[in-house]
Amino acid sequence: MNTTYLPSDFLPIVVQLGLALAFIVGTMIVTHLIGPSRKSSLKDDPFECGIEVKGNARTPISVKYFLVAILFVLFDVEVIFMYPWAVNFRQLGMLGFIEMLLFMALLLAGFYYIIRKGVLKWEE
Amino acid sequence: MYPIILLSVLGIVVLFLGFMKSKNILLPATLLFLALALGSNFIDWNQGPLLYFYGMFSVTNLTLAFNAIVLISAFLIVAMTRGFQDDEEAQPAEYYGIMLFSLVGAIMIIGYEHLIIFFVGIEILSVAMYILTGSDKRNLRSNEASLKYFLMGAFATGIMLFGIALLYGATGAFSLTGIRGFVSTAAGAQSYILYAGLLLLLIGMLFKVSAAPFHFWTPDVYDGAPSIFTTFMSTIVKTAGFAAIFRLLSHSFAGIYDFWYITLAVITVLTLFVGNVVAVYQDSFKRMMAYSSISHAGYLLIALTALTAQTERSILFYSMAYSVATISAFGVLMLIAKEKSLDGRPNESYDAFNGLAKQNPLLAFVLTVSMLSLAGIPLTAGFWGKFFVFSSAADRGLIWMLVVAVLMSAVGIYYYFRVVIASYMKEGNTGKIRVAPFYQIVLVAATVITILFGLAPGFFEQLL
Amino acid sequence: MEQVAFYGFSALAIISALFILLTRNLMYAAFGLFLALVGVAALYVLAGADFLAITQLLVYVGGILVLLIFGIMLTRPADERPDAATRPNRIEVVNHRRFWGILVAVVLFGVFLYTILAANFTLIGDVLISRSTIRTLGVELMTSHLLPFEIAGILLLVALIGAAYLAMNRNPSA
C-alpha cells in the first residue's frame, strides 16, 4: 500500500464530482433548449392522480424517523473508529483485536438495549 | 483509575438490570456499586503519584480525595431517590445507569493528564446532564431547561474545543506536562495563540461550572430540572469542574500567572456579585439555590485566582462542605415541595417552608444547619471552607477581592436565613411529613458531616 | 493547482455558510450546510488530514445532515402566513441586544485576526509531503490513546440511551 500521498491524489474525485455536476447541469440546460415549451395555468398546476392538492407539503413526520437517524449517526461514528484499526489489523495483532472487541461490546450493549426497549419496533 | 473501569461496566449492568420485572433491586444494586467504586478508589491510596494509560491519567492522594467526594455525594443523592418507585413514568434503570456513567466523566476530568481525556470526560458528564435535566418528559419546563442547557452547552463545548486546538497549535502537545514545558520557554510565555487558546478553554470550563458572565443558563436549568438531578448537577459537576480547572491552571499555566490572573479576578468578582445579589430577589427556594451555586462558584474561584500551595486543599474542603450542605438542603426541599404540591407540581417557593419547625423539628434542624453552612457561619463546615479560601487569598495579597467576598457573604446570610426564618417564625400548617428511613439516614449523615467538620476541620487534614 | 483548489473550496465553504445565514428557506439552508461541509472536507484533504476528511463526509454529510433534515421535517412551520416564505431568517428576541452582539463579534474577530497575524507559524513555507494519517492514527488509537478510545464508547452509549429515552413517545417498558 502506498502510504504517502499528496492532495493532488484526490484529483480524480474532484474530476468525478465535476463530471457529475456537469452532467446534471448540462442535461437541464439542453432539455430546456431543445424541448418545446408550452405554458398554461392548467399545465403548471400541481397534480396528483387527478385530485387537487390540499394543505401544506410540509406536514410533520413521525418522530420514529428521527430516532432511526440519531441511531444511524451514533453507529456511524462507532464504525468510523474501526477504519484506522482495520488498516493496521496485522500490525496490532491479538491485543488490538481484544481492544476492538471491548469497544464493540460497548456498541453491542447499546444495540441490545435499543432492541430490548423496542425502539426499532415500527408498528406501535 | 479503578473506579473508571468499574463504573463503566457497572453502569451497563444497572442498565440491563432494568429489564428485570422487579424494579426494587435497582436502588440497592446502584448503592452497592457506588460503594464498590468508592472502595476501589482507595486501592491507589498512598501509592504516590501514579500515571496510568500511557501517561494520560494521573492519580495522587488529592485526586483520590476529589473522587471520594464525588462518589460519596453520588451515594447520598442516589440514596434519596426512593421516590422513583412511585412514579409511573420514571425509568430508574436509565437514571441510575446514566448517573454512573456521568461519574466516569467526573473522575476523568478530576485526574486528566491529557486534554483529550479531559474533553471526553467533560462530554460524558455534560451529555449525561442534558439527559437527566430533560428526564421529566411531561414537564414543559424540564424540556425547556434541557434544550437550553444542550444548546448553550454545545456552544461552550465548541469554544472549549477551539481553545484546545489553539493550545495544540501553539505548543504541539495535548498533555499538561507538554504544555507546561512550552509555557516555561521564553517563546511560550509570549505566544499569542497560547493566550487565546487558554482563554477559550477557560471560557468553556467556566461555563460548565456556571461562573458569571457564563451563568445565564444556570437558573433556568437548575429550576427546570427535577430536584434530584439539580442536586446532582450542583454538587458533582461543580466539584469535578473546579478540580479540572485547578489542574489545568496549576499544572500547565502557573508560569504565566500574571497573564490569566486578571481575567480570572474579574470573573471571580462578577460571579460573586451576580450570584449573591440576584439570589436576594428570588421567591423560589430552588431558584435561590441556583444563584447560590453561582455564588459558591465565585468563592471557589477566589481560591483558584490565588493559586497558592494550599489552593487544592481549600478547594477540596470547600467543595466537600458545599456538596454536603447542598445535598441536605435539596433533600429537605424535595420532601416539602412534594408534600405541598400545587396542581400536581412541586411547590418550591419560600412559603412552602412556613411553620416547618412545629411538626417536623428534624427537617427544620437539617435545613438550618445546611443554610448555616452555606452562609459560612462558624461551627459548620462551610465556615472553615470560606476561611481556608479567604486565607489563601490573603496569602496572595488579594485584599480588595477579600473585601468584596466578605461583603457578599454578608448578603448571602440574608437570603439563606429567609428560609430558616420561614420555617421557625412564620405561621403555617405543615403536616407531619413522613420520611423514609433511608432518606432520614442521608439527611442526618449530611448534617453530622457538616457539624463534625465544622467543629474539627483539622480532622480533614489528617485524613489526607 | 493546489492554490486554485484551496481558494475554490474556501470560497465554496464561505459562500455557502453566508447563504445559510441569509436564505429565507430552512430547507435551502440545510442544503447550503451540505455544500459548506463538503467545502470544509476538501480543505481537510488539502491540509493533509485525510482521515478527518473521510470522517467529515461520512458523519457530517452522511449522518448529521440527514438528521437535520429529518428535524426540519418533524416540525411544523411556525406560521402559515403566505409571506412566511419570503421573510428573511430572524432570531426574535425580546430585547434587541444587537449592538452588544455585533460589538462582541467584531472585537472577537479583531482579537483572532491579531492573534493569527502575530503568531509565527514555524511551518510556513514548508512543502506538504504527507503520509496518509490513517495508519498512524490506528496505531495511536490502539496503544497510547486507548483510554479515550474506549471511553468514547461509553460516551456514545450514554448518547444512545439518552436519545432512546428522550425521543421515545410511548412507555417503552410496556
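Select B:Ser210 to begin: just after helix α8 of chain B, this residue takes a positive phi of about 55°. Helices here are DSSP runs of H or I with at least four residues, strands are runs of E with at least two, and both are numbered from the N terminus.

Before moving on, note how to read the model. It is a predicted model, in which local features need pLDDT of at least 70, side-chain atom pairs count only at pLDDT 80 or more, and totals for chains, interfaces and linings use all residues. Residues are numbered from 1 along each chain as its sequence is written, while chains are lettered from A and ligands numbered from 1 in the order in which they are written. The pLDDT is the predictor's confidence in each residue, from 0 to 100. For the complex, the predictor gives an ipTM of 0.91 and a pTM of 0.90.

**Chain B: around α8**

Now select α8 (192-208) of chain B. This helix has 17 residues and reaches 25 Å from its first C-alpha to its last, close to the 24 Å expected at 1.5 Å a residue. The expected span is 1.5 Å times one less than the number of residues. Of the 17 residues of α8(B), 14 are buried, so the helix is largely enclosed by the rest of the structure. A residue is buried if 20 or more other C-beta atoms lie within 10 Å of its own, exposed if 12 or fewer, and partly exposed in between, with C-beta atoms placed from the backbone.

Go on to B:Pro213, in the loop between α8 and α9 (217-224) of chain B. The peptide bond from B:Ala212 to B:Pro213 is cis, with omega near 0°. Most residues other than glycine have a negative phi, and most peptide bonds are trans.

**Chain B: the loop between β1 and β2**

Select B:Phe53, found in the loop between β1 (50-52) and β2 (57-59) of chain B. Its phi is near 55°, a positive value in a residue other than glycine. B:Phe53 counts as partly exposed because it has 19 C-beta neighbours inside 10 Å. B:Tyr54 lies in the loop between β1 and β2 too, and its phi is also positive, near 55°. With 15 C-beta neighbours inside 10 Å, B:Tyr54 counts as partly exposed.

**Chain B: α16**

Select residues 381-396 of chain B, which form helix α16. The 16 residues of α16(B) reach 23 Å from first C-alpha to last, close to the 22 Å expected at 1.5 Å a residue. Its buried residues include B:Trp384, B:Lys386, B:Phe388 and B:Phe390. What covers the buried residues of α16(B) includes α12 (285-306), α13 (311-339), α15 (361-375), α17 (399-424) and α18 (437-455) of chain B. After the helix comes B:Gly397, with a positive phi near 85°.

**Chain A**

Switch to chain A, which has 3 helices and 1 strand. Along the sequence the pattern is β-α-α-α. Buried residues make up 18% of the 124 residues in this chain.

Colour chain C by pLDDT: the mean is 81, and 77% of its residues reach 70 or more. Where pLDDT is low, the predicted coordinates should not be read in detail.

Select C:Ala17 in helix α1 (residues 2-22) of chain C. C:Ala17 is partly exposed, with 17 other C-beta atoms within 10 Å.

Next show chains B and C together. Here 19 residues of chain C are in contact with 26 residues of chain B, contact meaning that C-beta atoms, placed from the backbone, lie within 7 Å. On the side of chain C that touches chain B, α6(C) gives the most, with 13 residues. By class, this side has 15 nonpolar, 4 polar and no charged residues. Ala, Val, Leu, Ile, Met, Phe, Trp, Tyr, Cys and Pro count as nonpolar, Asp, Glu, Lys and Arg as charged, and the others, Gly among them, as polar.

Now show chains A and C, where 49 residues of chain C are in contact with 45 residues of chain A. The side of chain C that touches chain A has 32 nonpolar, 10 polar and 7 charged residues.

**Last stop: α3(A) and α6(C)**

Select α3 (residues 89-117) of chain A and α6 (residues 146-167) of chain C, whose axes come within 9 Å and cross at roughly 5°. That makes α3(A) roughly parallel to α6(C). Axes are lines fitted to C-alpha atoms, for helices over the stretch in contact, and angles run from 0 to 180 degrees between N-to-C directions. Angles under 35 degrees count as roughly parallel, over 145 as roughly antiparallel, 65 to 115 as roughly perpendicular and the rest as oblique. Among the residues that meet are A:Phe103 and A:Tyr113 in α3(A), and C:Phe149 and C:Ile161 in α6(C).

Conventions. Two residues are in contact if their C-beta atoms, placed from the backbone, lie within 7 Å.
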